[in-house]
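Please read the report below with the sequence and the 3D structure side by side.

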Amino acid sequence: MAIWRFDAIGTTWEIETSNELGTDERQLVGAEIDRFDREWSRFRPDSAVTRVGRDGGSISSPDAGPMLDAYLDLSRATTGAVNPLVADSLAALGYDASYSLVARDPIAAPRHWTDRLRWTEGDVMASSPSLLDVGALGKGRLVDIVADVLAEVPGDLVVDAGGDMRVRGSAVRIGLEHPYDASKAIGVIELQDAALCASAINRRVWGDGLHHVLDARTGVPVRTWAATWAIAPAAMRADAVATALFFDGGPGLAATWGVEWVRMSTDGRAECSPGCPAQLFTARH
């Protein structure tokens, strides 16, 4: 396999193909990643999200409808714990556009976020200044976009964005990284023509026990679950479920969407969905 490795949206990407990608294909991938970042990054001062956070108004994007529809399902399943207006809650704890990592008092995200946002397939409109954060599923959405850009490339394909990946063709054996020891795995999975996304509280850690997985209802980091993995045909849904699994409604949403999953608690126990294809090495409950 030929490997193209690069950095984008704050993570390292690896795209593996049977044959090396040409210049045109790489440019198409780069253009889609840049478009998505310019529209949805809350870390870029020139992004559409930053503008709407400052002034209100709208974002025109082919991702608006698919992502906001998924957020509506996420919010309902988790009773508001997952919310696209959690950006100000993250910023209050120091995970802001400048990465200050200086925490203030936690703040809850607006609970009735659908009163402030309206969307269609290709637009989202904010009735007042509203800073969005699509971190619960945005990277998965972008993995799907890149995989679709390369749909006509013959042979096997692996699109891996910092551990959120989509595989086409031959099966790939993947270790499920232990959240407290990156040299170990809690299990393995054979992934074929599917996506795997993960989330863990040991990523983006700062201060006194602070991390990026927040309960939007309180603005406080979650404490029960340490890591989650979700397997689905498309990466956006896998990414969304990996986030939802930190909350009680996550398994129900996964069942509704037909997503298999694994999650590990902060005391080291693991559980998985009934049809999950992963082989686990750690104790289950």
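Against which elements do the buried residues of H2 pack? The buried residues of H2 pack against H1, strand E3 (57–60) and strand E5 (123–126).

## Basis of the report

This is a predicted model, in which local features need pLDDT of at least 70 and side-chain atom pairs count only at pLDDT 80 or more, while totals for chains, interfaces and linings use all residues. Residues are numbered from 1 along each chain as its sequence is written, and side-chain values use heavy atoms, with hydrogens and water left out.

Helices (H or I, at least four residues) and strands (E, at least two) are DSSP runs, numbered from the N terminus. Contact means heavy atoms within 4.5 Å.

## Helix H2

Helix H2 covers residues 48–55, and Ala48, Val49, Thr50 and Val52 in this helix are buried. Buried means under 20% relative accessible area, exposed means over 50%, and partly exposed is in between (1.4 Å probe, protein chains only). After H2 comes Gly56, which has a positive phi, near 80°.

## Helices H1 and H5

Helix H1 (residues 23–40) packs with helix H5 (residues 138–149) at an angle of about 155°, and their axes are 10 Å apart. This makes H1 roughly antiparallel to H5. Axes are lines fitted to C-alpha atoms, for helices over the stretch in contact, and angles run from 0 to 180 degrees between N-to-C directions. Angles under 35 degrees count as roughly parallel, over 145 as roughly antiparallel, 65 to 115 as roughly perpendicular and the rest as oblique. The crossing of H1 and H5 is right-handed; a crossing is left-handed if the near helix is turned anticlockwise from the far one by less than a right angle, and right-handed if clockwise.

On the H1 side, the residues that meet H5 are Leu28, Val29, Glu32, Ile33, Arg35 and Phe36. Their counterparts in H5 are Gly138, Arg141, Leu142, Ile145, Val146 and Val149. By class, the contact of H1 with H5 has eight nonpolar, one polar and three charged residues. Here Ala, Val, Leu, Ile, Met, Phe, Trp, Tyr, Cys and Pro count as nonpolar, Asp, Glu, Lys and Arg as charged, and the others, Gly among them, as polar.

## Helices H3 and H6

At what angle do H3 and H6 pack? Helix H3 (residues 64–77) and helix H6 (residues 235–244) are at about 30°, with axes 11 Å apart. That angle makes H3 roughly parallel to H6. H3 passes H6 in a right-handed crossing.

Pro66, Met67, Ala70 and Leu74 are the H3 residues that meet Met236, Ala240 and Ala244 in H6. The contact of H3 with H6 has seven nonpolar residues, no polar and no charged.

## Salt bridges

How many salt bridges does the structure hold? There are 20 salt bridges, each being a side-chain nitrogen of Lys or Arg within 4 Å of a carboxyl oxygen of Asp or Glu. One of them joins Lys139 and Asp164, whose closest N and O atoms are 3.6 Å apart. Lys139 is in helix H5 and Asp164 in strand E7 (residues 164–168), so this pair links distant parts of the chain, 25 residues apart. Both Lys139 and Asp164 are buried.

Glu190 and Arg173 also form a salt bridge, at 3.5 Å from N to O. Glu190 lies in strand E9 (residues 181–191) and Arg173 in strand E8 (residues 172–178), so the pair ties together parts 17 residues apart in sequence. Glu190 is partly exposed at 46% relative accessible area, and Arg173 is exposed at 53%. Salt bridges that share partners join Glu32, Arg35, Glu39, Asp63 and Arg141 into one network.

## Two single residues

Is Ser89, at 1% relative accessibility, buried or exposed? Ser89 counts as buried, and its place is in helix H4 (residues 87–92). Apart from neighbours within four places in sequence, Ser89 is in contact with Ile107, Ala108, Ala109, Leu214 and Gly219.

Pro251 lies in helix H7 (residues 250–257) and is partly exposed, at 22% relative accessibility. Not counting residues up to four places away in sequence, Pro251 touches Leu245, Trp261 and Arg263. Pro251 and Ala151 are 100 residues apart along the chain, and their C-alpha atoms are separated by 31 Å.
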